[in-house]
Amino acid sequence: MRPAAICLAGPTASGKTAAALALAARRPLEIISVDSALVYRGLDIGTAKPSAAERAAVPHHLIDIVDPADSYSAARFVADATRLVAEIAARGRLPLLVGGTMLYFKALRDGLDTMPETDPAIRAELDARAAALGWPELHAELARVDPVTAARLAPNDAQRIQRALEVFLGSGRPISAWQQGARAQRPAAAAWPLVSLEPASRAWLHGRIAERFDAMLAAGLVDEVRALRARGDLQPGLPSMRCVGYRQAWEALDAGDVAPLRERGVAATRQLAKRQLTWLRAMPERIVVPCDAPDAPAQALAALEAAAG
């Protein structure tokens, strides 16, 4: 029995786009992006957004749907992706969910617990404290009230630290407790096959990350961030501007020195990849393909073909 959809995940620079397009050359499918950065309009170079030619060859969804002054949540992603899977299947095509935002995959496959809404006053207070003390200090505070969540977050993961503290301060209950709450039933998405591109060699992935960041710099990442800053309605605390590469470029422009950008951008991307792999290893049902194997493209295509049924 063919699954309603299949999923393709992996850390940044692992070859997900190439694998997805290879399958699209063999089967009628549409791609649903599982990427919290690709949703933003105007963030093109630093997100490695699929090219116009790639998007013309295969229908892509959940790209360029949000202004960078706004935000996009895991709950909204689940609603959008669930709707799109049904619509694509109704057209007789295969929905292929592709990306590296593991929180979105987890929310889709495991379901979401009801959580407190964002409180603007608490968020503003946390922003002010972070500006004065730094996010590592707030991470230490989170470790005291919610060690489970703090243990899986980097000390500078501003967006998730803020949300976890926001939930705790607003409800008196750790976000980890909300996430572990009972669910009525596991979503149908839990049964969708998940193919994961993961390197056997961390050095191989680090090399790919450096090459890709160099290509982004050559393509004009700094000018792209300059243009976003020139809008006048964006600030570095927004989720869009916290995206890896954009945060470091914004900080470099603030400092008036872009020379350290390459080193900081590559380091931040490596940290992102490390977190992505940690999330993936907590998904034991995944089908692992070694993306650094000499025949990785063929292995990935075979795994996707088998998953599609």
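The legends below describe close-up views of a predicted model.

View 1. Rolling a probe the size of a water molecule over the atoms shows where empty space is left.

**View 2. The residues and helices that line the largest cavity.** Gln248, Glu251, Ala252, Pro260, Leu261 and Arg264 form the lining of the largest cavity, and by residue class this lining divides into three nonpolar, one polar and two charged. Helices α12 (246–255) and α13 (261–281) each supply at least two residues of the lining, while the largest share, three residues, comes from α12.

**View 3. The positions annotated as a binding site in the UniProt record.** In an unreviewed entry, UniProt places the feature "binding site" at Gly10, Pro11, Thr12, Ala13, Ser14, Gly15, Lys16 and Thr17. Two of these annotated positions, Gly15 and Thr17, are taken up in the views that follow.

**View 4. Glycine 15 in its loop, with its contacts.** Glycine 15, one of the positions named in the UniProt feature, lies in the loop between β1 (6–9) and α1 (16–24). When residues up to four places away in sequence are not counted, Glycine 15 touches Leu197 and Arg208. Its relative accessible area is 23%, so Glycine 15 is classed as partly exposed.

**View 5. Threonine 17 in helix α1.** Threonine 17, also among the positions of the UniProt feature, lies in helix α1. Because its relative accessible area is 39%, Threonine 17 counts as partly exposed.

How values were computed:
Residues are numbered from 1 along each chain as its sequence is written. This is a predicted model: local features need pLDDT of at least 70, side-chain atom pairs count only at pLDDT 80 or more; totals for chains, interfaces and linings use all residues. Side-chain values use heavy atoms; hydrogens and water are left out. On a 1 Å grid over the protein atoms alone, a cavity is a set of points where a 1.4 Å probe fits but cannot get out, and a pocket is an open set with protein on both sides within 12 Å along at least five of seven lines; lining residues have an atom within 4 Å of a point. Helices (H or I, at least four residues) and strands (E, at least two) are DSSP runs, numbered from the N terminus. Ala, Val, Leu, Ile, Met, Phe, Trp, Tyr, Cys and Pro count as nonpolar, Asp, Glu, Lys and Arg as charged, and the others, Gly among them, as polar. UniProt positions are given in the numbering used here, feature names are shortened, and annotations may be inferred rather than shown by experiment. Buried means under 20% relative accessible area, exposed over 50%, partly exposed in between (1.4 Å probe, protein chains only). Contact means heavy atoms within 4.5 Å.
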